[in-house]
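User: I am new to reading structures, and I would like to know what stands behind the words used for them. Please go through one with me.

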Amino acid sequence: YWIIIFKEFCMISLTKIPFSFDMNRLKKYLRIDADTEREEEFENIISNVQEAGRPKALYRESFIDEKGNDTVTIEGITFTSIALRKHLDSIGRVFPYIATCGAEVDDIKIEQGDFEVKYWISVLKENMLESSMQFLRNHLAEKYRLSNLSSMNPGSGDASVWPLEQQRYLYSMCGDVEGLIGVRLTSTTMLAPEMSLSGIYFPSEVDYQSCQLCHREKCRSRMAPFNQELWDRIK
């Protein structure tokens, strides 16, 4: 189900990632009533997304050059984040990555002004990104024989944890990202298409999610509750 492509910067891309949807869970989450026209329309959207969707990911194996008080230099690129620095305290090898739901779903034609269907598709793309992330994580664990992996992402968690602006440095590490998996960096340092994510995977004795350092209470993408003890430790 996956294809590895070797390019400059020793990037490895995964371009045939399988995914599926839990129809019943999604209907419940989106409050779609059974035996209605809306249910039929939602099932058609699911079918179209399943056919068109192409989630992808790429990564590289990288090694840490140097560590400062609040900086980490990886393959000549310096990141400033005390949280990242502390998480990588005893780590020498990391895996910068970019994962995406892909742009193909954006070509699905929907009725103009139907914001509910647009929201459905956004939720489905979020699920596809999760599939991409999980596939990448499993691939890394198997290929490099890593029993536990954690990830940090620029812009995830509170703004001070790892500023979004440093996403441009991470993107620059990954070679021809747009050519390999169709993801580009915008002038505001966001990734396009939406539901794309950059980050660094690293071996860890305990599970870590950037959400544990985020004070935002209302976030549908939250993967873990805020951790006050962890927050106090990295500040």
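The questions below take up terms used for this predicted model and set each against its cut-off.

User: What makes up the protein, in helices and strands?

Analyst: The protein has seven helices and ten strands. Of its 235 residues, 48% are buried. The exposed surface comes to about 12,700 Å², with 47% of it supplied by carbon and sulfur atoms.

User: How do you know how far the predictor trusts the model?

Analyst: Confidence is given per residue as pLDDT, from 0 to 100. The mean for the protein is 85, and 82% of the residues reach 70 or more. Residues 1-8 are below 50, although this stretch has 24 contacts in the model beyond near neighbours in sequence.

User: Why is D114 called buried?

Analyst: The cut-off for buried is under 20% relative accessible area. D114 has 13% relative accessibility, so D114 counts as buried. D114 sits in the loop between β6 and α4.

User: What does D114 touch, leaving out residues up to four places away in sequence?

Analyst: D114 touches R38 and E41. With R38 there is also a polar contact between the side chains, at 2.9 Å. The limit for a polar contact is 3.5 Å, so a distance of 2.9 Å falls within the limit.

User: What makes the phi values of R145 and M195 worth a remark?

Analyst: Most residues other than glycine have a negative phi. R145 is not a glycine, yet its phi is positive, near 55°. M195 is not a glycine either, and its phi is also positive, about 60°. R145 lies in the loop between α4 and β7, while M195 lies in the loop between β9 and β10.

User: Which peptide bond is cis, and where does its proline lie?

Analyst: The bond from A192 to P193 is cis, with omega near 10°. P193 is in the loop between β9 and β10.

User: What makes β6 a mostly covered strand?

Analyst: β6 spans residues 93-100, and seven of its eight residues are buried.

User: How do you know that both faces of β7 are covered?

Analyst: In a regular strand, side chains alternate between the two faces of the sheet. On one side of β7, residues 149-152, are L149 and S151, and on the other are S150 and M152; all of these are buried. β7 also pairs with β10, with four bridges in the antiparallel sense. L149 has P203 in β10 as its bridge partner.

User: What is in the largest nonpolar core?

Analyst: The largest nonpolar core has 36 residues, and those with the most contacts inside it are F21, V49, Y59, L136, L140 and Y201. At least two residues of this core come from each of β1, α1, α2, β2, β6 and α4. The largest share, eleven residues, is from α4.

User: Which residues does V49 contact, leaving aside neighbours within four places in sequence?

Analyst: V49 is in contact with F19, F21, V105, I108, L124 and M128. There is also a second, separate core of 17 residues, including A83, V94, M152 and M173.

Terms used. Residues are numbered from 1 along each chain as its sequence is written. This is a predicted model: local features need pLDDT of at least 70, side-chain atom pairs count only at pLDDT 80 or more; totals for chains, interfaces and linings use all residues. Side-chain values use heavy atoms; hydrogens and water are left out. Buried means under 20% relative accessible area, exposed over 50%, partly exposed in between (1.4 Å probe, protein chains only). A nonpolar core is a set of buried Ala, Val, Leu, Ile, Met, Phe, Trp, Tyr and Cys residues joined through side-chain atoms within 4.5 Å. Contact means heavy atoms within 4.5 Å. Accessible areas come from the Shrake-Rupley method with a 1.4 Å probe; for residues, only the protein chains shown count as cover. A polar contact is a pair of N or O atoms within 3.5 Å; within protein, one must be able to donate a hydrogen and the other to accept it, and residues adjacent in sequence count only if both atoms are side-chain atoms. pLDDT is the predictor's confidence in each residue, from 0 to 100. Two strands pair if DSSP finds at least two bridges between them.
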